[in-house]
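Reader: I have a new model open and would like to learn how to read it. Could you walk me through a pocket and the parts around it?

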Amino acid sequence: MRGVSRTSLTEVTRRLDENVLASASTAQSGASLGKELFEVVALLGSEHSLRRWLADQANPAEAKSTLVGELLETRVSPSAVMVASDAVSAKWSTPRDLMDALERMAVYATIAPLQSASGLGELEDELFRFQRIVASQPDLRDALTREGAAPELRLSLVENLLSDKVNPATLTLVSEAVTRPRGRTLEQALENFGQLVAERAKRYVAVVRSAVALSESQQSRLGAALSRAYDRDIHLNIEIAPETVGGMSIQVGDEVIDGTIAGRIAEVQRRLAG
């Protein structure tokens with residue numbers, strides 16, 4: 001997000017933290033609040049005209065808040081109504097920015113009980129591991145993404161795979177990515193949620209692809225080096241990729257550091273072709 005949307009996102013996040021998630025009791029019920037906010041995203045996502053009206057800066061904030069309150073008061077908790085009202089009352093450059101902000105609040109509420117760095121780190125790891133499992137098993141990916149498959153069947157498959165094996169917050173986020181990806185691929189939705197968790201933990205995610213497994217000592221040194229380079233804590237998601245032949249590639253956001261043999265060969269080939 002940029003400009004006015006970024007400013008609004010900061011304010012809406014502040015209000016979520018201070019007015020909704022600040023109390024211990026509310027933080028413990030964050031999972032329920034997160035699910036309700038995901039339902040709000042789904043509802044507004046299905047109403048194109050309403051979504052555009054709510055994001056139109058020319059419409060009065062009070063009127064938007066009142067309309068959302070009337071629409072949601074019998075469907076979700078007062079806390080969810082408060083968060084949604086704060087969001088629609090803010091100014092957004094596009095309807096997509098409004099929806100992204102609401103989804104972000106849903107993620108933040110879902111992971112609220114996991115306040116520690118270790119808890120958020122475990123959640124990031126579980127999301128990444130599921131993403132890699134899906135990528136390595138085409139039949140599973142097809143079952144989770146097949147066009148026309150009922151959302152209930154997809155949800156049932158996710159629950160059978162993950163229930164009692166991952167954190168409840170992980171199950172909620174994976175379920176949303178599978179059943180309501182909002183125009184993204186399953187992998188993109190999972191990656192987006194992982195990035196939001198990392199942002200909440202105030203760190204970056206580095207996807208490391210290596211031909212061989214890295215020892216704990218190597219991971220520690222790599223993480224420390226990347227943290228110094230980016231001036232922020234770095235969470236490592238490590239993928240064993242024999243096709244890289246040797247070395248490793250590291251992706252942080254849109255930046256890729258390719259130190260693999262395969263990468264160097266590809267670069268030579270590009271230069272020769274040029």
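Author: Gladly; let us begin with the second largest pocket, whose lining has 5 nonpolar, 3 polar and 6 charged residues. Here Ala, Val, Leu, Ile, Met, Phe, Trp, Tyr, Cys and Pro count as nonpolar, Asp, Glu, Lys and Arg as charged, and the others, Gly among them, as polar. This is a predicted model, in which local features need pLDDT of at least 70 and side-chain atom pairs pLDDT 80 or more, while totals for chains, interfaces and linings use all residues. Residues are numbered from 1 along each chain as its sequence is written, and side-chain values use heavy atoms, leaving out hydrogens and water.

Reader: How is a pocket found, and which residues lie nearest the centre of this one?

Author: Rolling a probe the size of a water molecule over the atoms shows where empty space is left. A pocket is an open set of points on a 1 Å grid over the protein atoms alone, where a 1.4 Å probe fits, with protein on both sides within 12 Å along at least five of seven lines; lining residues have an atom within 4 Å of a point. In this pocket, K35, L155, T172, S175 and E176 lie nearest the centre, among 14 lining residues.

Reader: Which element supplies the largest share of the lining?

Author: Helix α11 does, with 6 residues. A helix is a DSSP run of H or I, at least four residues, and a strand a run of E, at least two, numbered from the N terminus. α3 (30-45) and α10 (151-162) also supply at least two residues each.

Reader: Is α11 largely enclosed or open, and how would I tell?

Author: Count its buried residues, where buried means under 20% relative accessible area, exposed over 50%, and partly exposed in between (1.4 Å probe, protein chains only). In α11, 10 of the 12 residues are buried, so the rest of the structure largely encloses this helix. T172, S175 and E176 are among those buried residues.

Reader: What caps the N-terminal end of α11?

Author: N167 does: one of its side-chain oxygens lies 2.8 Å from the backbone nitrogen of A169.

Reader: And where does D164 lie?

Author: D164 is in the loop between α10 and α11. Its relative accessibility is 83%, so D164 counts as exposed. D164 also has a positive phi, about 65 degrees, although it is not a glycine. R182, in the loop between α11 and α12 (186-200), is another non-glycine residue with a positive phi, near 55 degrees.

Methods: Polar contact = N/O pair within 3.5 Å; in protein donor to acceptor, adjacent residues only side chain to side chain.
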